[in-house]
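Dear colleague,

Please find the structure below.

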Amino acid sequence: MPNLKEVRNRIQSVISTMQITSAMKMVSAAKLKRAQDAIVKLRPYSQKLSEIMSNLSGNLEDVGSSLAEKREIEKVLVVAVNSNRGLCGAFNANVHKEVKRLMREEFEGKTVHVLGLGKKAHELFKKADQKIASGDLSGEHYGIYDNLDYEHVSTIGDKVISAFEQGHYDKVVVVYNEFKNAASQNLKTEAFLPVELPEGVEASSTDYTFEPAQAEIITDLLPRALKTQLYKSLLDSHASEHGARMTAMHKATDNASDMLHDLKLSYNKARQAAITTEILEIVAGAEALDG
Amino acid sequence: MQVEILSPDKTLYAGEADHIQLPGQDGSFGVLNNHAPLIAGLKEGTVNLRSGDEEKTFDIKGGVVEVVSNKVIVLAE
């Protein structure tokens, strides 16, 4: 039989853990709402932007933009979008696994650098002894989630774009958790550079006047479209993070209450056993006196 | 005409307007009612909006504008 005092201490500690996990769940739920709102707000902008892009160009190669240039792939940059904080289930581990798989399979034998966004990315990739992007792209980018806005993301986007233009990398992919709903995330690997326009997009038949020339507008718009794409990935990842944490904390709270139930049962059993023993002793003592 | 000014973070303006002045890459230009379809690149500057007696200004860092069938959509940064 377990010691009464020990069980009581364990019950106390499980109760306080449960309070923490359920509070974290509540906080994540509130943050998730905000993160989802941000995704919804970006939607009209990104939709319109891709509409205009498809109106502008049937074929990007004609434009000769340096961002659409397909080169022999030797150096690859993988942008791994992680979170700043843990306790969100397999959220960060999934990204890490996917990056390792990409290195092993798709980009085997090529130089792969990783640009980790979020504190967790940095910790994971440093441990794994993987090459972290250097030069302009080095740095920790911890602050990115403190105030996730377009401006901040766009400075990172600019750096990635210029690294591609200067030939430091021949291909850039983004690995992130796409937001599906609060309970599930989709791990997604998206090609970032070189740019590929979605095929089969029907350009509208309206006869537009372009000012300046079509090609010039595209050259100006391409980086914007890319940064919007990156921003969208980050917003998705941010919402996914809170969704994942909510689920993880919900499960933790459930587990804690199961545990509490078991502990209470064994506490009561132990207490009952102690009482029974006491009564037995008293009765035996009384009988001994009578006898 | 209907005007929408969108930025990645939010919708800056949505509503009716009589006249909108935009900082085009080749120089500032204005758009009135029933303008021909147009797609134009924008540079850093201010967008001036007039509807009735009201005037509004927005500072943008660049972007693009699409005008089609009396609808003006400004994608600003």
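**Findings**

Strand β1 (residues 75-81) and strand β3 (residues 171-181) of chain A pair in the parallel sense, over 5 bridges. Strands (E, at least two residues) and helices (H or I, at least four) are DSSP runs numbered from the N terminus, and two strands pair if DSSP finds at least two bridges between them. Within this pair, L77(A) stands opposite V172(A) of β3(A).

The model is a predicted one: local features need pLDDT of at least 70, side-chain atom pairs count only at pLDDT 80 or more, and totals for chains, interfaces and linings use all residues. Residues are numbered from 1 along each chain as its sequence is written, while chains are lettered from A and ligands numbered from 1 in the order in which they are written.

In chain A, an open sheet of 4 strands has the order β2-β1-β3-β4, with mixed pairing. Strands β2 (111-117) and β4 (184-193) of chain A stand at the edges with a single partner strand each, so one side of each is left without a neighbour in the sheet.

Helix α1 (residues 4-56) of chain A has 53 residues and, at 1.5 Å a residue, should span 78 Å; its end C-alpha atoms are 76 Å apart, which agrees. The expected span is 1.5 Å times one less than the number of residues. α1(A) bends by about 35 degrees at R43(A), and the proline P44(A) follows within four residues. The bend is the angle between axes fitted to the seven residues ending there and the seven starting there.

V64(B) touches, among others, I52(A), I217(A) and L221(A); contact requires C-beta atoms, placed from the backbone, within 7 Å.

Yours sincerely

Notes
Two residues are in contact if their C-beta atoms, placed from the backbone, lie within 7 Å. Lists of a residue's contacts leave out its neighbours within four places in sequence.
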